[in-house]
Protein chains: 2
Amino acid sequence: MFAKRTTLADVARMAGLSPTAASLILNGKPDTRFSAEAHARVHAAAAELGYRPNIGARALRTDRTLSIAFISDVVATTRFASGLIQGALEEAERAGHVVLVMETRGEPAREVEAIEAVLDRQVDGIIFGTVRARELYVPDLPEATKVVMLNATNPRHGVSVLPDEEAGGRAAVDLLAAAGHSEGIALIGQNDEAERDLFRSATVDRRIRGLRSELAQLGLTLVAEESCWDWEPHNGYDLTAELLDRRTDVRALLCMNDRLAFGAYQACTERGLTVGQDISIVSFDNDELASYLRPGLTTIGLPHVVMGREAVRLLLSNAGPGERLIPMPVVERSSIARVTPARSGTADLATRRLAELRAGTGADAADA
Amino acid sequence: MFAKRTTLADVARMAGLSPTAASLILNGKPDTRFSAEAHARVHAAAAELGYRPNIGARALRTDRTLSIAFISDVVATTRFASGLIQGALEEAERAGHVVLVMETRGEPAREVEAIEAVLDRQVDGIIFGTVRARELYVPDLPEATKVVMLNATNPRHGVSVLPDEEAGGRAAVDLLAAAGHSEGIALIGQNDEAERDLFRSATVDRRIRGLRSELAQLGLTLVAEESCWDWEPHNGYDLTAELLDRRTDVRALLCMNDRLAFGAYQACTERGLTVGQDISIVSFDNDELASYLRPGLTTIGLPHVVMGREAVRLLLSNAGPGERLIPMPVVERSSIARVTPARSGTADLATRRLAELRAGTGADAADA
DNA sequence: ACCACTTGGTAAATGCATTTACCAATGGCT
DNA sequence: AGCCATTGGTAAATGCATTTACCAAGTGGT
């Protein structure tokens, strides 16, 4: 279409002014006294020629590229990573920034390479993301580099964005208790005894803490805790099948994630139990899966998109260090049965606490 | 850690040579007669100082940024988009390039903005991707811009990468026929009569063409074709439930995607039919879902990752125009029942044709 | 002794936008 | 008339790497 990009010099020439004038005017610098005439001529010329500044050239002087890097261990495996990226993309767009995405597959060598590659391109900041929230190793960086940890923490880089798992854990329990469950609640995927020295992830620890403390607050106990390392559907199936065959008093399942819940559904169905009627299930993540199940799975969602947005916002606003906890939306579908409570006081209390959690955090609107 | 990046001038100074010498030597220019001494000193200095060229500055003269853009309608909704991105990232990494990811949400205005944003940053090329393969509108571009269409086509930009849906459609039919099915095969999700004037997507059309032509080749016919616009689990459930209640001779379901198949599983199970025994199901996509189901779903996979890789390879190799068809892997799990064939000749033929498809394309290894 | 190469380099221009330092002309004031 | 401020600009330096044009010293041949 057109042979070469127009440069600032072209605009200046057409406007009959110096490049200095053109630059100053187009960038709207204050305290620079050019005539209204000059302003008009420069803007007209720029529009006429379709002038767009060469960002690389500009960066040479300003050290700002309007580009940020998103370095993640994994981008495609789960919808979680994509959600983080999507949120980051949205917010970056709003701020006129562009996002350079890198995948490290968790390999430290690859991480070093990724960092160098983006530093070579003078990015304005780096977001380090992980799928399994954890303390992430980050190599030395020039100290001026702005960094935000997304779903991760790092002692040297204090700004991090995490889901509010503690509140999420509480909400899951409240959901069950508010529906009248006070007995026969089992945990699928975790057992403190068995996993004493096992580090899963920083956020899962908080999820469990919230969950247990809420059980304690409400005076409830678990009838079983089934532990497994991987949280895949077949694990959920095996654990649930075994549990249901072993005892008959199970009325509600707290699953550590939706994939486990998916397996649990299958085990229940096979045993003639209808989820949402004969047995309740609540879990975490709000995977795509959760909406496919019948009845729909009630779950505490991971607010990926909001987290991604928030990370970019923090990065570009030079926020001070600290953890930003993003509320987890409670997504109610139909997997929780309403039962007549053994102790209705508990159910009422749970209902109140749940309402507080939701109001306090605006959790429902959080991941639109 | 360190105050400022080292520049080429720093390296030159430390080596006691001119920046010219340093540049020429570090870039390994041929026919430039510097002493072995000089080479050694420059390399030593560069290593000592940890010199890395400023890519933006370099681009000013070379017009190459070692960056490419990936502009897609959607990035997070499906694993499909993430797979494309992952493949692109992998191949770009190998080539020392970095990927700038943009999402347009299918809005033309946003697409124009995205293109301008990446052009402002002098990318070496652009990949336009879509989730629903279709002819994609692309605004005018400077004619030197290199473009590859990924899962999309465009009359002005001839290079495109698509899944080989025609072969995929054939394979699905062969799979069923080879297992002995020759009667009672139903199609879930599509009906030519009902959808005569409906454009779904370029690739789905090919999928159906392959499927029908293979049925014809083998002398098979369908007992039913159930149409619906969305291919979500609940559609699969409704269609299958209604079909099974209507007729009792259905033995195999060809589902247009895995989500439909997921719904179909539920309908079958509810009716006491065990998938992989009483009824066979085969579908398309190889969603995460497919491996979660019990029994595992046999499906013709979408080779996202390979497609993403291929797109970058084509972009960077200045390939001539044309469609690159990427083989779809046939992923055999356990949803197809082996039945004694009514006509064993047909089953043998299907087996041979399937083997040819797989051998000819290397489809199995295609999406590792 | 002189010319023609070869060897081993360097100075300076270039790409593009930003920014600092400076300048000419005009008007106002005393 | 002389001086200062203001108005409305511009020239040139800058950031960094690449690249073209050029040069000085040495070598070999005659």
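**Close-up views of a predicted model**

A search of the whole structure finds 56 salt bridges over all chains, a salt bridge being a side-chain nitrogen of Lys or Arg within 4 Å of a carboxyl oxygen of Asp or Glu. This is a predicted model, in which local features need pLDDT of at least 70 and side-chain atom pairs count only at pLDDT 80 or more, while totals for chains, interfaces and linings use all residues. Residues are numbered from 1 along each chain as its sequence is written, chains are lettered from A and ligands numbered from 1 in the order in which they are written, and side-chain values use heavy atoms, with hydrogens and water left out.

**View 1**

**View 2. Strands β6 and β7 of chain A.** Strand β6 (residues 185–189) of chain A runs parallel to β7(A), and 5 bridges join the two. Within this pairing, A:Ile188 has A:Glu226 in β7(A) as its bridge partner.

**View 3. A salt bridge between B:Asp245 and B:Arg271.** The side chains of B:Asp245 and B:Arg271 meet in a salt bridge, at 2.8 Å from N to O. B:Asp245 lies in helix α9 of chain B (a helix being a DSSP run of H or I, at least four residues), whereas B:Arg271 lies in the loop between α10 (258–270) and β9 (280–285) of chain B, so the pair ties together parts that are 26 residues apart in sequence.

Notes. Pairing = 2+ DSSP bridges.
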